[in-house]
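Let's walk through a model together, helix by helix, and then look into a pocket. Keep the 3D view open as you read.

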Amino acid sequence: MDSKKLQMIFSQNLKNARNLAGLSQMKLAEAANLSVGYICDLESGRRWGTPETFSRLADALNINAFELLLPEPKDAQKLSELKKNRELSARIADALRKNLSSAISKAVSDSFKSL
């Protein structure tokens, strides 16, 4: 696959993921700490993102960064499976964040009790 085609896939996936998340370009830009103009350029294919940009966008969209480069599945079953996997990944990530936050709070609290 040539780089131009990959960039087109990225641009379309970014726009689709943003729309699925219910975010405007402005809200995505704020969440990813990027400029609105940059988001617009990425979605239109005028610019390419860096690995750091991919990571920021994926975090803001609550998806895995590699999903921004996946070609769209051709059939409905694969699309349905992909959506289920995205939802499951999001739930797992949420649970991990909550458990980690709780564990950190408990460790900090316990360390102050021992002082």
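This is a predicted model: local features need pLDDT of at least 70, side-chain atom pairs count only at pLDDT 80 or more; totals for chains, interfaces and linings use all residues.

Residues are numbered from 1 along each chain as its sequence is written, and side-chain values use heavy atoms, with hydrogens and water left out.

Two packed helices are described by the angle between their axes and the distance between the axes. Helices here are DSSP runs (H or I, at least four residues), numbered from the N terminus. Axes are lines fitted to C-alpha atoms, for helices over the stretch in contact, and angles run from 0 to 180 degrees between N-to-C directions.

Start with helix α1 (residues 3-20) and helix α4 (residues 51-61), whose axes come within 10 Å and cross at roughly 25°. That angle makes α1 roughly parallel to α4; angles under 35 degrees count as roughly parallel, over 145 as roughly antiparallel, 65 to 115 as roughly perpendicular and the rest as oblique. The contact (heavy atoms within 4.5 Å) joins Phe 10, Leu 14, Ala 17 and Arg 18 of α1 to Phe 54, Leu 57 and Leu 61 of α4. By class, this contact of α1 with α4 has six nonpolar, no polar and one charged residues. For these classes, Ala, Val, Leu, Ile, Met, Phe, Trp, Tyr, Cys and Pro count as nonpolar, Asp, Glu, Lys and Arg as charged, and the others, Gly among them, as polar.

Now follow α1 to α3: their axes come within 6 Å and cross at roughly 125°. α1 is therefore oblique to α3. Here Phe 10, Ser 11, Leu 14, Lys 15 and Arg 18 of α1 meet Leu 42, Glu 43 and Ser 44 of α3. The residues of this contact of α1 with α3 divide into three nonpolar, two polar and three charged.

Helix α3 (residues 36-44) also crosses helix α2 (residues 25-32), at roughly 110° and with axes that come within 8 Å. The two helices, α2 and α3, are therefore roughly perpendicular to each other. On α2 the contact is made by Gln 25, Met 26, Leu 28 and Ala 29, and on α3 by Val 36, Ile 39, Cys 40 and Glu 43. By class, the contact of α2 with α3 has six nonpolar, one polar and one charged residues.

Finally, what lines the largest pocket? Its lining is made up of Ala 17, Leu 20, Ala 21, Leu 61, Asn 62, Ile 63, Lys 83, Arg 86, Glu 87 and Ala 90. The largest share of that lining, four residues, comes from α5.

Conventions. On a 1 Å grid over the protein atoms alone, a cavity is a set of points where a 1.4 Å probe fits but cannot get out, and a pocket is an open set with protein on both sides within 12 Å along at least five of seven lines; lining residues have an atom within 4 Å of a point.
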